[in-house]
Amino acid sequence: MATTEVRGLGHSVKRKEDERFIRGKGNYIDDVTLPGMLHMELLRSPFAHARIVSVDTSRAEALPGVVAVVTGELMAQHNLAWMPTLSGDTQAVLATDKVRFQGQEVAAVVAESAYVAKDALELIDVEYEPLPALTTPQQALEDDAPLIRDDKEGQASNLIYDWEAGDKEATDRAFAEADRVVELDTFYPRCHPSPLECCGCVADVNPATGKATIYMTSQAPHAIRTLFALVAGLPEQNIRVISPDIGGGFGNKVPIYPGYVVATAASLLLGKPVKWIEDRTGNLISTGFARDYHMHGELAVKDGKITGLRTSLVADEGAFFADAQPSKFKIGLFHIVTGSYDIPAAHVFGRGAYTNKAPGGVAYRCSFRVTEASYLIERLVDVAALELGVDPAEFRVQNFIKPDQFPYQSATGFVYDSGDYEKALRLALEKLGYDELRKEQAEAREQGRLIGIGLASFTEVVGAGHGKQYDIAGLRMFDSAELRVHPTGKAILKLGVKSQGQGHETTFAQIVAEELGIPYEDIEVQEGDTDNTPYGLGTYASRSTPVAGAATAVISRKLRDKARTIAAHLLEASEDDLEWDRGRFSVKGAPDRAKTIQEIAFAAYTDLPDGVEAGLEGVHYYDPPNMTFPFGTYAVVVEVDRGTGAWKVERMVAVDDCGVRINPMIVEGQIMGGLTEGFAIAAMELITFDEDGNCIGSNFTDYLLPTSWETPSFELGETVTPSPHHPIGAKGVGESATVGSPAAYVNAVVDALAHAGVRNLEMPVTSARVWEALQEAGLAE
Amino acid sequence: MYPARFEYFAPTTLEEACELLDRFDGEAKVLAGGQSLIPLMKLRFAAPQALVDINTVAGLDTLAEEGGSLHIGALVRHKTCERSELLGGRFGALGAAAPQISDPIVRNLGTVCGSLAHADPQGDWGSVMLAVGADLEARSSAGTRTIPIEELFQGPFTTSLRENEVITGLKVRDPGPKAAGTYLKLERKVGDYATVGAAVHVSFENGTVGRAGIALTGVGPANLKATAAEEALAGRELDDEAIVEAARLAAEAAEPQDDVRGSAEYKRSVARVFVERGLRAAAEGRTDG
Amino acid sequence: MADTAIEPMAAQTTRAVSVTVNGEAHAAEVEPRLLLVHFLRETLGLTGTHSGCDTTHCGACTVLLDGVPVKSCTVLAVQADGREITTVEGLQQGAELHPIQVAFREEHGLQCGFCTPGMMLTSVALLQENPDPTDEEIRWALSGNICRCTGYQNIVKAVHHAAAAQTSEGGS
């Protein structure tokens, strides 16, 4: 086997997992069918805030085909009416005393078919006593606001937490000495990851063995299994969580949802498998939403440079504090808000409040609130450039952290690993033809046409993370790779992470291919089965490559070290005399005296030196020394219709730097997906509530996803600044585009109107909002 | 996600269909494309006792010019209209509207007549037919009657169709030898309802406007015929002044509401801009004949 | 499959349907309210057709009904009586993949794979009608199929790829 056939890092090899997907042979949760399986549907509250007076399930129970009706009361008898959240709060599994958001789970029907279960839902009689609904955190934090979490002892108000980072004193000084302060108030609206596949599970508690096998759409099967053991009181060795193929996650499939718990309890009680697949309404109205941050930002500017950053925010957390984020950080990694800029002093203050809405907040490719932070700083920087009369590209360059400043200690405590921000920006401007475009823009303006150019130069932080700082519900955020090379030289790699479309079966095989010289086609990658994979914290916040990818490289290298020992034995040479050339060891100076990795693998089972254990396998749990900091510059060109306010993306240039790229094709796919979600957020996605707490945005009629027609085309570029601490120099990339692009789109539309005095537009930047700005600015047709 | 139970019938003649509608006495619904009805049934906003599927009734899928008018049978799909060359030129408002209905897959099954019977106040075809002019043919066991489009809509999802009647087709009125029109629709994305839609149609006579048809979508409790604007154009030359005046009148006639799609003031303004743009297009279409 | 006016007055609970799916004849007794998507997935066990929403928007459930793309969540199984359906499982002919399947793989037109069956079937229908579509025509034709992962750009490339493959096949 010639080593040139082995394609490792940097190769855009086709994906192995595609073989089943293109044939329609994926195994998604709703494809899982077990003998005797029953179907469960959830009854949801129509009210945002109401006392439950009574629940009568007799009519539902009498419907032919219904096997059981589960209420909060029944769950309470088994101590399962409430469960812990990933943020140390509690969440109702099925409501008992009150409902606290529209769509909250109230009861469940288990029946012979989903159709019958749905029929039965209509026969459950619930009497509610509506209460006033609190639909903004500002309302919820007023002195006389009704208490939402009256179930919590000692909870006197709707305040959940206050959190800060940075140096307040140093920041205040910077502001006192500034010659200009630039301010911005902006709201990052509630949106939702809305993967195409909804959440679901098949819970199979075997009455004979007591073993619970739970097929579940879970991005973090091991963590969920441990939490289930703690919540449900089932012994952990008797719980097996299996995440099958997942039709998109984007953070929506990290939390434990009530449906999983109720289905498991039902299976336990009934002794039969119970399938629960939520519908789209359930998904949008009750599962982990994203964002909903009311943000205030201020830049202190002196002599044209940013000297300080002050930010404060109010987080709308919904009815239960259930953010899926590292436990030490109440507002996630928002304190990355200094972004790509060398800002000596910064202070961040965040306050979280309960409201009568669904719980969640950390989701939708946010890198733990980095989306919010990046949006704020990139909008602030643009507003500053506008107020100072400086070109927004040049203002960024003037304030960028310089290449020689890395590793860079930020004012809020991050140590950025590597970066070259000006290089990425210049490349983006070059691809765009920026200077020419500015001229075109001016000429178009003369003709009454509105063209806008928007930039965003983001730096984000991913790869959680070092155990001392990063844990989820106490579980440290290491991750793992277990590799076994078979006698015939093929291999199996098992991971503690879990793909939902990111191509792990291919990319992680490529890492092994690079390190061990085994062709990626010969390496099977397994994820998602807690009985058969090493413990890991799962895939979200772009952590798979930084953490599990590192573990894979490390274990591959360990196996390579053992292979060297075996090769020395086979070649009757000393280990120091051997040279490695991806896939084979040869004797220095005698290249024909060589052994391939396949031969060595066979020998690991058949011909070993004394004292060496058989086999060629091992597992590594990687504790990252630091996070990784991918970055880039996005540039958007739009034209605005003065008659309707509608805007169209004419060009979108995206230059990304995620360090070493394992599979450029897959990296670009991730980026384009993120640029599209960023566009969706900037242009049209919104979950909002009327004053009674009714959710507007709980189906695709109201929650708008862009089609191929609205979605722009993307021109991609790259720079490569490896991570110095990562074994293969890679950083994460899955969320860079959702982090960085919304500000680029918004900056572009604002830029189209800025000459007439418009300095801000709020997301979603709908045609209606643009028109109001046009009207005010005297630009409307 | 799952409809309530119902009985299903697939008659092959109109007589059978009408007999079934009589038998269920208002508790049966006609199923043609089903792209509006089935979604409602899945959400259980509609729960008819029976569905009368007319898809296997012969002779209802004709799309043809007859004399100067255009016949559209009850089973003519949006997609057929989108592809047909008959819907350009004098029937330009129809040709412009067809590709903008819902999304390309829904258009394969949804029908023009079904849309009109459904009477969604934000439906596009309603405005188009009000602008261009059409007469629907309704059939029951009692016989056939003609319903002018102006008498069809009574309110949201309510028409003057009797419970035992089925639309068999419609006839778009002859617009005369020289006519043009278009349909402009502002939607937030493909498949969304119109934020604002404007159907504009002009029949020309001796170089001036013989008859104008202007109807608006999404700016009132139903598709809205802008009669004052239409009357202001009659007999006039379709010049800039006339266009601006008509657009102003049309916007004045609109009754938009504030909602997530925008303020009432915004929608009124877009209506004006669209009527202006539509009339200018019609003015240019005149030279093409 | 005619139905006459002389129907028994007792409420019918099920109805016989005969459908050809991917060239194979199937007969079953189904409730009239059974949606075609569930008939395919559960009655016939063809789980390649997916369900992604409640409001007929997403297109994950797209199949070909007599060659025409339809959203199978918004068609009743009984409406398919006597007709021909193609699902994703019917694209492959024996061991040979359909050009559209090869194209999606080659151009990285899928990530999670959930929208892919519907996307491919709509694309197949497009190419039947328009063997060499432009970017715009492709985006227009696919605007009834939502994807959350890819951003559509590689899907457009995949359709071009399949178009080229089918043209060269036809030519040789």
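**View 1. The interface of chain B and chain A.** In this predicted model, chain B and chain A bury about 2100 Å² between them, with 56% of it on carbon and sulfur atoms. Buried area is the accessible area (1.4 Å probe) that two parts lose on being put together, summed over both. Tyr2(B), Lys189(B) and Tyr266(B) supply 30% of the area that chain B buries against chain A, more than any other three residues. Contact, meaning heavy atoms within 4.5 Å, links 23 residues of chain B with 26 residues of chain A.

**View 2. Salt bridges between chain B and chain A.** The rule (a side-chain nitrogen of Lys or Arg within 4 Å of a carboxyl oxygen of Asp or Glu) finds five salt bridges across this interface. In the one between Arg277(B) and Glu781(A), the closest N and O atoms are 2.8 Å apart.

**View 3. Helix 15 of chain A.** Asp561(A) is found in helix 15, residues 544–571 of chain A. Helices (H or I, at least four residues) and strands (E, at least two) are DSSP runs, numbered from the N terminus.

**View 4. The elements of chain C.** Chain C has five helices and five strands, in the order β-β-α-β-β-β-α-α-α-α from the N terminus on. The C-alpha trace of chain C spans about 55 × 35 × 25 Å along its principal axes.

**Notes.** Residues are numbered from 1 along each chain as its sequence is written, and chains are lettered from A and ligands numbered from 1 in the order in which they are written. Local features need pLDDT of at least 70, side-chain atom pairs count only at pLDDT 80 or more, and totals for chains, interfaces and linings use all residues, while side-chain values use heavy atoms, with hydrogens and water left out.
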